[in-house]
Amino acid sequence: MTNLAVLMMLLIIPGSSWPGNPSAGLIKTETAYLHTDRNFYITGDNLYYKLYLKSDCPDSSRFAYFIIRDEKSEIISHSRLEVIDGVSYGSIKLADTLKTGFYQIVCFTNFMRNRPGTIFRKEIIIANRFDDDVSYFLEKDRQSSGVNISSKVSKPGSLNLKILTDKSIYERREEIAFTVEPGELPVNEISSLSISVSQVIDYSLPVLSITDSFSNDTEGQSQTNSNGPGITYEMESGASVIEGTVSEIPGTAKTGISFSSLPESHTIFLSAVDTVPNLQYTTTDSSGKFCIYLNPWYEGKEIYLKLRSKANVQINLDSKYAIQEPFQLTRDFNTHYVREFIKRAVKTGQVARYYGSEAKPDTIETFYSNHLPPAVYSKTYAVIYPSDYIELNDFLELSREIIPGLRIRKNNGSYSASFPSLQYEIVSDEEPLIFLDGVPVDNVDQIIELGSKDIGYIETVPNVRYFNGLYFNGILNVASKKDAIKNISFSQPFRQTQTDESISFTKPKHFNPADLPSHYPDLRYVLFWEPEFKPHGSKMDFTVWSSDIQGDYVINVQGITRSGLPVAGSATIIVKAK
Amino acid sequence: MPLPGQVSQNEFARVQQVRYQNVAGELYTGDLQPDTYVNPDWIEGDLLLETGDKISNVFLRYNGLTDELFWREPVLNNVIKLDKESVRGFHFNYFRGDSSVSFTRMKIRKDFVSDSTLCFLQEIDFNKIKLFIYHTKFFLRKENYSVNGKISIRDIYIEQPVYFIRHDSRLSVFKKFNGHTLCKAYPDKSDLIRRYIRNSASGRLKTHNEIISILQYLDDWF
């Protein structure tokens, strides 16, 4: 009895180690840090980045999302990044049409959206090279942004990497040698480093390093989940996720309580236009939510999501790029420096573009899906080519004359199809599953007007098909000659959306002074960018070349150890004329 | 609402769905005549799908006459004739006294006339060589039998396995597996083969175990 009382007490005492207790370590978190080659860009430049992802989960996210948005919180660029061994790197081309101003990089995984506070944000300045009007920044000067620097920008954490340069002031076009020393850490312990040497606009304020970012987890963890529709965003450790809800169309909700108004589970089909009839499906839970781990074959394709059966509902898809928090500067910039810098950068940018001396990114690794489609059937059944026969005007005639085993009947003004040879039907009163160009349609009514001249071939599967837990009373596949699926208007709820595809790993070629003609100006703001440096041996020595642009440059090194500890270091050098 | 990071309410349901991803086949309502099957009874095993997914602890039957794989799907207990294209292989947990028997899908020519087709072959991996056994069955004759005084006719099928040995990406076919055919396929090992057969207890190569034993012995010499 005493034992039972103690057990009861343990269950009641708040903070005890019950499975759902956050303090018990069951709540998992992910933290991202993005190292960019610089903080200032001219339109048309490539923005180079390196992403570090720290995860408490054994299987961390495979994908991260990268957004650049303007001050009106409008997204100007978004991409999906492939995370391998906790890192990802690449480049984003900044469009020539962007206006001069502040922009924000937002980087996160789908799982991090559960705690918006953990989402990584960083401001950059983008200047349009055809626009040297800096009145925008004068306006900004008048407006007090109200950012409390001490609260928003963390003080630099322990920079555990030492950067030793051979001197502190360099001439233009001079060799700069520096060494990264890991301090107390053995060099072999460092798994990956990213190194940038670039000019700084505003070096008076500390830049958030990976050590600060990865130690500031508590801020993000304390934030509550502010998901609008109550979706718990899934971890994309293996495959990309499509989430959403099926809800009643506003204004059609039933009033009162009846058994018929109890939550109904809906089956959602997912497919893409292809010659192979393809299908993935999921079902909604009691609250109408659904989640599909996408077959990699669908990546980068336009997909159709539709309900299997007719219902007075709508499909709402979750957009991973919809950030609820509006744009807000996380740090103040010294606008005087910014204005002066922009005036000069716009001019140098125009000249640099004229000489075309910017290094193009080299593709290191691409992530094209080589998966097979989730084919509903793979056996070869009867294939009918209407062009082999006399021309027939519509599908009703085709079914009567040249499609064996298929029967189409007209009833109350609508058509229905069936395979009469089926002796056993699992789902009674249901038509065969009809695919048009690889996508399931609602019923035969939608293809009834297609005649011989519209159809390439027809395949029939006149048996009860099993597919991942679903049964179909036969399958009819129609491949049109001119993407007839695009002219179909679905009567059942459906959505069309474009799926994401990971962008390639890229990095620029390292600058070699011999490659630049001697009469060309060297107008590089970034002297060095190496996103994926893996230390070998005991020393990490680097040699870079200063450009013709004078000013203050910062050597910024960020990285991670094999055990997941962040490492960072920075040093400032000056480049000036004799 | 679950706390962020916790397993959501619908997690279990979705896991169940994912479990049966990419299995395709057709509902089979025909007669499952036991004589034609390599395993007359349902055997528990694993199904390896073309997508790389694995479905564990499912009931399978393999028909050697038609080279078809049947799966008893667990929800409605229906028999599904699986599409060979969606299955890369399967594994029986216990088959003919062996606790681990794997079948793999391969493209082979069943006879001189037909084109090569996808078939399931038992795979035995030695160190340097691999043995594949195609457990094909043939109709032998019809036979009268009596049950409670009633005479009926039944078909008699026999198993005529075809052996394939892969060594250094070379595949040798043995419709009849004996010392002579083995020496012909590997002439440089003929002395070893003859010596092994001479010294073996039965002095022949007839049973599966005898074939496996000699290949195990030869594997050391390859």
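## Contacts along chain B

What share of the contacts in chain B with a separation of 6 or more comes from residues 24 or more positions apart? In this predicted model, such residues account for 49% of those contacts.

Chain B has 222 residues, and 25% of them count as buried. As for secondary structure, you will find four helices and 13 strands in chain B.

## Two domains in chain B

Let's turn to how chain B is divided. Domain 1 covers residues 1-104, while domain 2 covers residues 126-222. The two domains of chain B touch each other: five residues of domain 1 are in contact with six residues of domain 2. On the domain 1 side, the touching residues of chain B are two nonpolar, two polar and one charged.

## An open sheet in chain A

Now over to chain A, where three strands form an open sheet in the order β9-β11-β30, with antiparallel pairing. The edges are taken by β9 (162-165) and β30 (540-545) of chain A. Each of these has a single partner strand, so one side of each is left without a neighbour in the sheet. On average, neighbouring strands of this sheet are turned by 25 degrees against each other, direction ignored.

## A closer look at β9 and β11

Which strand of chain A pairs with β9(A) over four bridges? That is β11, spanning residues 175-181 of chain A, and the pairing is antiparallel. To find this pairing in the structure, look for L164(A), which stands opposite T179(A) in β11(A).

Terms used. Residues are numbered from 1 along each chain as its sequence is written. Chains are lettered from A and ligands numbered from 1 in the order in which they are written. This is a predicted model: local features need pLDDT of at least 70, side-chain atom pairs count only at pLDDT 80 or more; totals for chains, interfaces and linings use all residues. Domain bounds come from an automatic or database domain assignment. Two residues are in contact if their C-beta atoms, placed from the backbone, lie within 7 Å. Ala, Val, Leu, Ile, Met, Phe, Trp, Tyr, Cys and Pro count as nonpolar, Asp, Glu, Lys and Arg as charged, and the others, Gly among them, as polar. Helices (H or I, at least four residues) and strands (E, at least two) are DSSP runs, numbered from the N terminus. A residue is buried if 20 or more other C-beta atoms lie within 10 Å of its own, exposed if 12 or fewer, and partly exposed in between; C-beta atoms are placed from the backbone. Two strands pair if DSSP finds at least two bridges between them. Axes are lines fitted to C-alpha atoms, for helices over the stretch in contact, and angles run from 0 to 180 degrees between N-to-C directions.
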